[in-house]
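Let's take a friendly walk through this protein together. Have a look at the sequence and the model, and then read on.

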Amino acid sequence: TAQGQASSYAAVCNVWMTGVVDGLQAYNANSKTPFFDAPDVTVGQVAKLVVKYVNDHPQSAKLPTPGLVLAALVDAYRPK
């Protein structure tokens with residue numbers, strides 16, 4: 001949808017993205033080898049990262065969506 005325009009899918013997407021990000025953050029918090037270093041990243045920031053990642057890596061667009069979220073986070077916030 002156009003920026004600022006309401007979408008019936010926006011809420012569903014936000015809930016889904018929140019679940020994926022929360023799950024990845026929970027893994028990172030309990031892991032000795034975290035996937036990425038972004039403890040305070042917001043769901044909105046992650047959504048923008050995923051779009052940027054797909055634009056920068058079009059060959060990855062066929063990955064399962066949770067994989068795209070993880071790949072975008074790893075690309076943007078490499079672990080220390």
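## Asp75 and its partner

Asp75 is partly exposed, with a relative accessible area of 37%. This is a predicted model, and in it the side chain of Asp75 meets that of Arg78 in a salt bridge, with 3.7 Å from N to O. How accessible is Arg78? Its relative accessibility is 54%, so Arg78 counts as exposed, because the cut-off for that word is over 50%.

## A second salt bridge

How many salt bridges does a search of the whole structure find? The search finds two.

An α-helix has 3.6 residues a turn, so residues three or four places apart point the same way. Lys52 is partly exposed, at 48% relative accessibility, and Asp56 is partly exposed too, at 42%.

## Helix α3 and its cover

At 1.5 Å a residue, its twelve residues should span 16 Å, and the end C-alpha atoms are 17 Å apart, which agrees.

Which residues of α3 are buried? They are Leu68, Val69, Ala71, Ala72 and Leu73. Helices α1 and α2 are included in what covers these buried residues.

## The nonpolar core

Next, look at the inside of the model. The largest nonpolar core has 17 residues, and those with the most contacts inside it are Met17, Leu24, Val46, Val50, Val69 and Leu73. Three helices each supply at least two residues of this core: α1 (10–29), α2 (43–56) and α3 (65–76).

Which residues does Val50 contact, leaving aside neighbours within four places in sequence? Val50 is in contact with Met17, Leu68, Val69 and Ala72.

## A serine in the loop

Finally, turn to the loop between α2 and α3, where you will find Ser60. Is Ser60 buried or exposed? Its relative accessibility is 11%, so Ser60 counts as buried, since the cut-off is under 20%.

Not counting residues up to four places away in sequence, Ser60 touches Tyr53 and Leu68.

Conventions: Residues numbered from 1 in each chain as written. Predicted model: local features only at pLDDT ≥ 70, side-chain atom pairs only at ≥ 80, totals over all residues. Heavy atoms only, no water. Core = buried A, V, L, I, M, F, W, Y, C linked by side-chain atoms within 4.5 Å. Buried < 20%, exposed > 50% of the residue type's maximum accessible area, 1.4 Å probe, protein only. Helix = DSSP H or I, 4+ residues; strand = E, 2+ residues; numbered from the N terminus. Contact = heavy atoms within 4.5 Å. Expected span 1.5 Å × (residues − 1). Salt bridge = Lys/Arg side-chain N within 4 Å of Asp/Glu carboxyl O.
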